[in-house]
Amino acid sequence: MKQSTFKADVLPYVLLLPTFIILIVFLFYPAIETFRLSLFTVHPFTGAERFAGLYNFKNIFTNSEYLHSFGISFLFTLAVVLLGLAFSMMIALLLNERIKGMKYYRSFLIWPYALSPAIAGALFNFLFNPANGIIGYFTGHRTWLTEGSTAFLIIILAAVWKNLGYNIVFYLTALRNVPRDALEAASIDGAGPVRRFFSITFAFLSPTTFFLLVMNTTYAYFSSFGLIDVLTEGGPARSTNILIYQLYRDFFVNSKTGYAAAESLVLFLLVVGITVLQFQTTEKKVHYQ
Amino acid sequence: MKRTKIQTLAIHALLVLAVFIICLPVILSLSISTQSETQALSFPPRLIPSSHLVSNYKTAWNTVHLGRMMFNSAFIAISVTIGKVIMSLLAAFAFTHFEFKGKNLLFFLILISLLLPVPVRIVALFNVVGKLGWLNHYAGLIVPFWASATGTFLFIQRFKTVPSELIDASKMDGCRPMQYFFRILLPLTKSTIGALSVIEFIYIWNQYLWPLMATNSDNMRVVQIGIKMLMNAESSNNWGVIMAGVVLTMIPPLVVFFVMQDSFMKGFALQSEK
Amino acid sequence: MEILKQTDPTQKRSKKVFEYTNKIKLDQKAGLLYNDDQQLTQYYYSNSNKDVVFCKKIVKEKKMKRIVILLLAVTMLVPALFAAGKEEEKAVKVDADAPVTIEFWHAMSGTRIELIQGIVDEFMKKNPNITVKVQYTGSYNDTLNKVKSAVKAGNAPQVFQSYDVGTLGLIYSGIITPVDDAAKEFNLPIKWDDFFTPVQSYYKYQGKHYSMPFNSSTPLIYYNKTLFKKAGLDPENPPKTYADIRKAAVALKKAGIKTPVTWNLHSWYFEQMICLQDAPFVNNDNGRGKELPTKALINGEAGKKVLDWWVGMEKDGLFLDVGPGWSNHRAAFVSGEVAMVMSSSSDVNLLTKGLKEKGWEMGTGYIPRPEGAKGGVAIGGGSLWMTNTGTPEQQLAAIKLIEYISSDEPQIKWHKGTGYFPVRKTAMDKLKTAGWFEENPNYLTAFNQLLDSPESLNTAGALLGVFPEARSIIQSAIQECYAGKSVQQALDESAAKIDAAMAEWNTVIKQ
């Protein structure tokens with residue numbers, strides 16, 4: 001269906017002007033400038049710059065803390081994405097069954113989406129606090145947040161918990177579009193529920209899954225900053241020091257501007273790379289109508 | 001597909017369990033927010049609400065000027081939402097209803113902007129906003145977020161579902177583009193505007209990293225930072241007060257969410273229709 | 001039509017503003033209004049036709065002080081414009097009585113905000129021509145960042161508070177005026193002999209004082225006398241050495257307190273316990289020599305002794321790991337979960353009260369040292385710095401404010417309200433005469449610990465440009481030791497990381 005259009009010479013540009021002014025001033029220019037700064041060392045007070053080529057990058061990749069952060073972030077993202085999608089898909093399937101009270105169940109399951117990562121951090125800090133955490137009381141294990149390995153699990157838990165709602169919404173919407181007749185036909189053909197799920201439903205959900213893969217990856221790499229800052233501040237012993245947190249510390253606390261800019265560039269390449277990878281591997285598997 | 005009673009029961013049971021697990025942290029916070037400092041610190045922990053509701057909320061309010069912060073968060077969130085909706089509408093209108101040179105390039109640029117979230121450009125963004133003198137001012141917290149790829153795409157999708165005949169008909173009536181925009185297109189887009197507004201309001205209300213860096217005086221801080229400050233405040237470890245602050249911070253986005261839930265869901269549903 | 005922003009009054013743009021305000025007719029309202037950040041919030045300018053006046057609000061207005069600020073701003077503009085170009089010359093003739101406004105940014109939250117305002121109000125009463133605008137600008141880190149941004153934007157405060165670990169960075173920052181220089185320039189010498197030695201020697205670098213000590217504290221041992229008695233320990237005899245602490249902890253554990261000792265995970269204690277052994281933290285005279293420090297010496301014998309003992313107690317279940325942050329360890333002490341805690345000397349009131357509520361009595365002691373160690377403690381906290389921005393009148397006002405805040409009366413008020421040390425010995429004498437220490441013997445412990453610290457480059461405190469980062473590295477290392485890494489390895493790795501950070505900082509700071 002060819003879209004009819006209006007004839008106008010200047011109007012479309014005028015309409016796009018505000019958006020692009022903002023994009024240029026606050027998005028593209030800072031992005032390019034950040035990448036440029038990664039090639040310089042910058043004085044913490046005067047801002048004086050000195051060209052340093054790949055010096056910052058060399059520093060980053062020979063810094064054990066940064067490499068540790070790199071690995072941690074990757075594991076964190078992997079866990080958040082897999083667990084998040086798996087649980088939300090399961091819950092969405094449950095919600096999709098036509099049962100009484102579906103609307104209420106739905107409301108009470110997706111609302112954490114409206115919370116901020118910082119709030120999620122505060123709530124989970126309270127639950128797992130070494131001094132008076134409730135979970136600590138019920139499980140007898142009190143060092144959830146002061147031990148590296150368990151602290152890492154907690155941030156995954158909190159991040160998944162907070163984002164479940166978002167994923168569920170998308171899955172629910174997608175499930176509505178799964179044609180009932182295909183499922184009925186398969187059922188008549190004798191396919192059990194599990195088989196029906198994997199061969200039909202899952203396929204229809206694949207565009208959504210792909211979309212959520214990308215969104216959750218960016219969520220885990222970037223948006224979880226607030227959660228970390230409130231819950232563990234990157235500790236203990238850097239066990240929850242994901243890349244974005246390290247970046248914040250290096251820029252804002254340690255005033256290593258050039259170094260932080262290099263971290264930004266690496267982060268950018270990382271996320272772009274992951275997104276492109278996801279595009280390529282799932283493009284074959286994604287079924288569009 | 002028929003379902004046995006047991007299956008239905010099982011589904012209900014699982015859902016109830018899921019709801020319980022998901023809601024547990026917040027139910028607890030509500031209860032704790034009514035307890036005094038020593039009660040909240042009691043070990044074993046005390047789950048029944050107490051009577052310190054008002055005093056806790058008052059303390060949270062006063063310790064970090066939560067009231068001012070809530071105003072800031074609200075003002076910023078609303079301003080960004082309004083600006084973003086307007087700009088996205090205009091941009092989407094341009095892309096869907098006009099042919100012009102460079103259209104593909106500009107569209108591509110907007111697509112690219114999705115790959116440049118705040119953390120990637122934050123080093124220079126901080127300097128740019130600083131040079132504009134907008135650090136620690138509303139402008140620095142609002143204006144950079146007025147352009148939105150997601151908003152533009154959302155509206156583009158919505159506009160594409162509007163039958164082409166409407167445009168032809170209005171052209172024949174001598175309708176100019178902007179008239180068409182205001183009189184015909186906009187009323188049809190209400191629910192999508194609603195959906196985008198909800199998403200954006202919540203997103204900006206929940207922002208943390210940028211306000212953390214871009215504000216440094218109490219009168220400009222936002223409520224998310226207030227939570228961190230409450231937790232770090234001198235008299236902290238008073239979880240009753242902290243939870244009171246947490247509850248207060250949670251309320252506006254939740255209210256927005258629940259009230260707009262229907263239009264929110266509609267907005268999303270429309271998005272996935274072709 | 002240009003949007004005009006008032007930054008440096010000597011810039012050409014401000015002249016335009018000045019001219020425009022001249023064109024305004026008499027029945028119009030005044031043309032310039034400034035907010036607290038010295039930025040233009042309302043301005044009038046004429047369009048290309050005539051004196052049609054527009055009004056634009058840039059920033060949300062506050063209240064009535066606008067007019068006063070406006071008048072002061074205009075009064076300031078005139079001499080500033082005339083002084084343009086003469087800024088290079090040292091203004092020997094400074095109008096000490098001209099009305100002047102300065103800004104003071106600090107990082108003291110909560111009730112301290114009012115306390116500081118009270119002190120500043122007193123200062124303004126004594127100096128009616130000086131207006132000081134006080135602002136709480138967040139944490140130390142926030143305040144420092146805000147100052148950095150403001151310097152670049154041209155509207156820096158004249159006085160600001162920084163934390164101890166920012167000292168070397170600020171010395172080399174190029175944005176500050178050392179207080180000794182300002183004192184000399186305006187002939188207002190500061191009586192440093194009146195100050196406690198460790199307090200003033202921290203901020204003295206190569207013979208010159210760069211900042212004015214303001215809120216100084218040391219760590220202190222707090223112990224629960226009542227629980228001590230229960231465990232059969234002498235409540236009037238606090239443990240003094242590492243071995244003593246261990247013995248007391250074991251006894252307390254037997255008496256039923258599971259993990260009797262704690263303090264928060266903060267590198268400060270580690271640094272202090274190295275000082276106590278009269279050992280340096282970094283090379284080149286503990287960072288105070290002619291050359292910038294290049295090597296961290298934390299992995300020597302002194303550092304190892306500290307961590308062997310600290311981590312050892314944690315491993316033996318005598319020490320409770322409550323993580324970083326300043327609240328958990330206090331809560332554990334006040335609730336009786338631990339019987340001994342190390343914390344800042346400014347916590348005396350808080351902890352005494354907390355214990356009293358439970359009917360317990362509190363004691364204090366010097367922080368522990370390994371047997372035979374002969375060093376002392378260094379101070380921590382913050383100090384007041386002057387930026388090298390502003391007119392000579394503002395600089396004079398700034399040094400006067402700084403001097404006033406360090407004088408006895410405000411310092412005594414500050415001490416009583418916060419627990420930080422008053423910076424001068426003369427203030428301590430006044431407190432003694434007034435019987436303060438009889439009522440508050442626990443404070444006396446902290447003072448005595450300070451007085452008993454021998455003066456050396458080690459007890460003056462270490463100076464590093466990368467101190468915040470170094471602290472973070474050390475704290476992580478300690479956590480790694482809790483998790484099983486060997487102390488020596490953790491320290492060696494940390495030292496290497498700090499060395500690398502210092503090397504980079506040293507090159508960048510010179511560019």
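**Exercise 1. Cysteines**

Task: How many disulfides does this predicted model have over all chains, and are C23(B) and C481(C) buried or exposed?

Solution:
- Start with the count over all chains: zero disulfides. The test is a pair of cysteine sulfur atoms within 2.5 Å. The model is predicted.
- Take C23(B) next. Its relative accessibility is 8%. Buried means under 20%, so C23(B) counts as buried.
- Then take C481(C). Its relative accessibility is 0%, so C481(C) also counts as buried.

**Exercise 2. Strand 13 of chain C**

Task: Which strands pair with strand 13 of chain C, and in what sense? How many of the residues of strand 13 are buried?

Solution:
- Locate strand 13 of chain C at residues 340-344.
- Look at strand 11 of chain C, residues 219-224. Strand 11 pairs with strand 13 in the antiparallel sense, over five bridges. One residue pair to find: Y223(C) has M340(C) as its bridge partner.
- Turn to strand 12 of chain C, residues 261-262. Strand 12 pairs with strand 13 in the parallel sense, over two bridges. Here T262(C) has V341(C) as its bridge partner.
- Finish with burial. Five of the five residues in strand 13 are buried, so this strand is largely enclosed by the rest of the structure.

**Exercise 3. Confidence in chain B**

Task: What pLDDT does chain B average, and where is the pLDDT below 50?

Solution:
- Read the average for chain B: a pLDDT of 83. At least 70 is the score of 89% of the residues.
- Go to residues 270-274 of chain B. The pLDDT there is below 50.
- Check the contacts of this stretch. Beyond near neighbours in sequence, residues 270-274 have nine contacts in the model.

Definitions and conventions:
Residues are numbered from 1 along each chain as its sequence is written. Chains are lettered from A and ligands numbered from 1 in the order in which they are written. This is a predicted model: local features need pLDDT of at least 70, side-chain atom pairs count only at pLDDT 80 or more; totals for chains, interfaces and linings use all residues. Side-chain values use heavy atoms; hydrogens and water are left out. Buried means under 20% relative accessible area, exposed over 50%, partly exposed in between (1.4 Å probe, protein chains only). Helices (H or I, at least four residues) and strands (E, at least two) are DSSP runs, numbered from the N terminus. Two strands pair if DSSP finds at least two bridges between them. pLDDT is the predictor's confidence in each residue, from 0 to 100. Contact means heavy atoms within 4.5 Å.
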